[in-house]
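Dear colleague,

Please find below the structure that I am handing over to you.

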Amino acid sequence: AILDYSKAIDNDPYYIDAYCDRGYAYFNKGKYEKAISDYTPALQKLEGFRVKAPEGEVVVFLLRPSAT
């Protein structure tokens, strides 16, 4: 699945769902840094974005820059 999501991202760098789904796949494999590296561009590309996976929401919430 990760390879398929990577191909989708290569074809469309703004395909937010592919970043989230690949991030979730990495998260489930315990590859947290890779998951974060996918959730981060998703947040940057879409303001107010919420990932689908509850675990991902926690990761994204913890890493999102605070509003100052």
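What percentage of the 68 residues of the protein chain count as buried? The share is 35% of the 68 residues. Please note that this is a predicted model.

Regarding the overall architecture, the secondary structure of the protein chain consists of four helices and zero strands. Read from the N terminus, the order of the elements is α-α-α-α. Among the contacts in the protein chain with a separation of 6 or more, 31% are accounted for by residues 24 or more positions apart. The accessible surface of the chain amounts to about 4800 Å², and carbon and sulfur atoms hold 53% of this surface.

I would next draw your attention to helix H3, which covers residues 32–45 and has 14 residues. From its first C-alpha to its last, H3 reaches 20 Å, close to the 20 Å expected at 1.5 Å a residue. Several residues of H3 are buried, namely Ala35, Asp38, Tyr39, Pro41, Ala42 and Leu43.

Pro13 also deserves a description. This residue lies in the loop between helix H1 (2–11) and helix H2 (16–28). Pro13 has a relative accessible area of 38%; because this value falls between the 20% and 50% limits, the residue counts as partly exposed. Beyond its neighbours within four places in sequence, Pro13 is in contact with Tyr19 and Lys45. Pro13 and Pro41 are 28 residues apart in sequence, while their C-alpha atoms are 9.5 Å apart in space. Pro41 is one of the buried residues of H3.

Yours sincerely

Notes. Residues are numbered from 1 along each chain as its sequence is written. This is a predicted model: local features need pLDDT of at least 70, side-chain atom pairs count only at pLDDT 80 or more; totals for chains, interfaces and linings use all residues. Side-chain values use heavy atoms; hydrogens and water are left out. Helices (H or I, at least four residues) and strands (E, at least two) are DSSP runs, numbered from the N terminus. Buried means under 20% relative accessible area, exposed over 50%, partly exposed in between (1.4 Å probe, protein chains only). Contact means heavy atoms within 4.5 Å. The expected span of a helix is 1.5 Å times one less than its number of residues. Accessible areas come from the Shrake-Rupley method with a 1.4 Å probe; for residues, only the protein chains shown count as cover.
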